[in-house]
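Student: Let's go through this one together. I'd like to know what stands behind each label we use.

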Amino acid sequence: MPYNFKMSITKTFERKEILQAILIADAHNDNLQPFTNTKPLALLPIANVPLINYALETLNRNGVEEVFVYCSYHTDQVKRYIHLRQVTRCTWSINMKVSIVSSGPCRSIGEALRDLDARNTIRGNVLLLGVDSVTNANLAALLEEHKRLTKFDRGAVMTVVYKDGLRRMRTGNEVMIAMEPTTSRLLYHQRLAHQDKERKLHVPLDVFLANRNVAVCHGLLDPQIAVCSPAALPLFADNFDFLSRDDFLRGVLINEDILNSRIYVAKLGREEYAMRVNNWQSYHLVSLDVINRWLYPMVPDMVIGEFRLQYKHFRNNIYRHWNVRLSRSCQLDGDLVLGEESEISDGAYLQRSVVGRGCRIGRNCRIVNSFLMDGAIVEDDAELSHCVLGQDVKVGNGCIISPGTVLGEGVQIPDQMVVPRSLLLQANEPPAGDWSAPAQKIADRAYILPVAQEDDSNSDEENDGLGQPALSQPIVIAPLPLRYSASLYETSDEESDGCSVSPAPNDENIFLSEVIETLEHGLSNRTDQEYLILEINSSRYAYNMALDGVNYCVVKAILQIMLQQDGVGKNTVGTLRQLLTYFGTVFRHYVRDRDAMLNCLKAFEDMCLASETLRTRIVPLVHYLYEEDMIDEEVIIEWHKGLGDNAIKAPLSKLVQWLQESSEEDEEENDEA
């Protein structure tokens with residue numbers, strides 16, 4: 001058979017397009033201080049796995065062949081980690097080439113993309129995402145859809161990815177967009193403030209005049225994932241005011257005709273997960289989402305960049321490494337990851353938390369909604385709630401770490417200290433930096449970093465009507481609403497049969513979240529309380545809530561808001577008194593008769609189970625309600641008789657005894673009269 005020389009030459013020069021991705025490894029803000037002060041964002045652990053592992057594993061599963069990791073800060077640590085993973089032949093290193101691209105200090109995504117464009121490394125359509133974009137989405141399908149778009153519209157320069165947002169919750173990643181529903185062409189884009197204050201949304205009239213059909217989507221999550229055409233990077237190179245992706249979207253939309261470029265929207269399906277870890281609250285949220293298996297197949301008991309299993313999955317979403325030492329009397333109450341060589345001592349209670357490698361938890365500790373990185377030590381009788389402990393942190397005996405606190409690497413807290421909500425950095429002398437105020441020393445190896453006041457961030461936001469500062473506003477860890485429905489993915493070994501996650505949010509939970517939102521908005525804006533009552537009642541009828549359920553939820557909402565206030569651990573009664581100075585009308589409206597008072601005390605009882613602060617201060621709190629004539633003594637005595645939890649009942653016994661004696665004395669005086 002003759003050799004077809006012409007066909008051979010043709011095949012030689014026909015090259016398949018290599019699927020490339022750009023992974024931005026820097027946050028370009030201080031939202032995750034103090035962690036990013038000493039370590040790169042790429043190595044921030046989610047369920048004991050560095051962020052970069054999730055990103056690279058996702059790209060590998062989508063058939064990406066070449067990844068450019070653009071890194072400007074702590075570059076040596078990122079290079080060392082990538083090299084180590086490649087030497088040990090992790091899953092993503094076999095079929096995917098990963099290159100570290102670094103330069104001098106890079107202050108924005110725009111600068112990074114201009115640098116990559118100058119290097120001529122990108123040869124076609126490319127996936128663009130941040131190392132903090134956590135997703136299991138089908139990115140390959142998004143790329144193919146973008147390619148299809150470019151055949152019909154050669155000006156299609158970018159497809160941006162969004163996901164339906166979380167009900168009644170803000171993470172700092174929400175946007176409002178307007179798009180053409182038939183083609184999904186983006187017409188308008190606005191980032192929303194994380195405070196969730198807006199009651200009206202403004203879309204330019206031109207958007208509606210120039211387009212026959214317009215769909216407005218509010219509260220979409222922006223995971224900072226996009227597919228870029230070859231023309232996207234040159235646009236960044238030609239426009240030096242494109243610092244962020246939001247700047248790029250705004251610039252292209254304003255100059256669409258001049259640039260002959262258009263942007264399209266892709267919305268992820270319900271089964272696809274995408275979230276950005278750009279502040280400590282979203283870190284908290286994503287960590288629990290991973291534990292609750294929303295990122296399947298990237299879950300702790302399966303392979304994430306490894307060829308060997310490291311965790312075993314037990315019921316109630318407890319993931320334990322094979323080498324964990326547990327005492328017989330410790331309590332593991334669900335949604336937990338326990339790392340290798342960690343040790344949990346007698347009487348310790350853990351819930352919805354992550355414990356890193358080599359951590360040690362002392363006796364009778366209580367750890368809820370907290371995240372301990374490798375080597376952290378928590379001594380006996382300490383209490384942690386909604387906080388983060390960096391690598392090799394040590395918390396002394398009997399310490400109370402207030403919600404929202406982040407302890408940086410190496411911080412040491414002496415015994416019996418109550419640490420207020422703050423960001424703490426380990427240093428032998430006051431840390432240098434462009435802080436808004438001098439760092440405050442609270443221990444030999446613990447300095448409180450000053451953070452921008454909320455009023456400052458608000459003023460910045462008002463100066464930029466498009467809400468850009470929402471990306472760089474620090475948001476502390478705070479209680480999350482109950483939002484987890486049963487996972488679609490369950491294990492079925494001998495210890496996890498019937499395994500389930502946290503209960504699905506029912507109407508009462510959704511109603512409670514709406515009451516909290518209403519009261520928080522009213523507190524921040526000093527709204528008339530009668531208007532708050534009207535809003536609560538309208539929500540009541542929308543969810544068909546019984547009156548006793550409404551009474552219970554209103555009190556529970558006030559308590560949850562109270563626990564988020566600064567200084568509540570030191571002055572719990574004073575904090576409640578201050579709140580009721582404003583919420584008094586609302587409180588008395590819903591807590592009026594005997595049944596409503598019992599519902600109120602039931603809310604206190606249930607909140608004590610979740611808060612050590614409330615549990616230890618339950619006696620003065622109930623006494624305060626009695627002194628203010630908000631709860632009758634007969635109701636307190638009746639409620640006390642029915643209490644089943646001795647940890648709450650026993651401390652209240654003296655107060656109840658005093659109330660009974662006072663009641664008897666009053667009866668005797670009345671008889672004598």
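Tutor: Helices here are DSSP runs of H or I with at least four residues, numbered from the N terminus. Keep in mind that this is a predicted model.

Student: What comes after helix 4, and what marks that residue out?

Tutor: Arg-89 follows helix 4, and its phi is positive, near 60 degrees.

Student: Which residues of helix 4 are buried, and why say they line one face?

Tutor: Buried means under 20% relative accessible area, and Thr-75, Val-78, Tyr-81, Ile-82 and Arg-85 are the buried residues of helix 4. Seen down the helix axis, these buried residues fall within an arc of 135 degrees, so they line one face. The other side of helix 4 has exposed residues: Asp-76, Arg-80, His-83, Leu-84 and Val-87.

Student: What do the buried residues of helix 4 pack against?

Tutor: Their partners include helix 3 (51-61), strand 4 (66-71) and strand 5 (97-102). Strand 3 (49-50) and helix 5 (92-95) are also on the list.

Student: Why is Gly-567 called partly exposed?

Tutor: The label covers what lies between the cut-offs of 20% and 50%. Gly-567 has 44% relative accessibility, so it counts as partly exposed. You'll find Gly-567 in the loop between helix 16 (547-563) and helix 17 (572-590). Its C-alpha is 8.5 Å from that of Ser-402, although 165 residues separate the two along the chain.

Student: What makes strands 26 and 29 a pair?

Tutor: Pairing takes at least two DSSP bridges. Strand 26 (residues 377-378) and strand 29 (residues 394-395) have two bridges, in the parallel sense, so they meet that cut-off. Ile-377 stands opposite Lys-394 in strand 29.

Student: Where do those strands sit in their sheet, and which strands stand at the edges?

Tutor: The open sheet has six strands, ordered 17-20-23-26-29-32, with parallel pairing. Strand 17 (325-326) and strand 32 (412-413) are at the edges with a single partner strand each, so one side of each has no neighbour in the sheet.

Student: What is the mean pLDDT, and where does pLDDT stay under 50?

Tutor: The mean is 83, and 85% of the residues reach 70 or more. Residues 453-471 stay under 50, and the model gives them 36 contacts beyond four places in sequence. Residues 484-505 are also below 50, with 53 contacts beyond near neighbours in sequence.

Technical notes
Residues numbered from 1 in each chain as written. Predicted model: local features only at pLDDT ≥ 70, side-chain atom pairs only at ≥ 80, totals over all residues. Heavy atoms only, no water. Buried < 20%, exposed > 50% of the residue type's maximum accessible area, 1.4 Å probe, protein only. Arc of directions from axis to C-beta. Contact = heavy atoms within 4.5 Å. pLDDT = per-residue confidence, 0-100.
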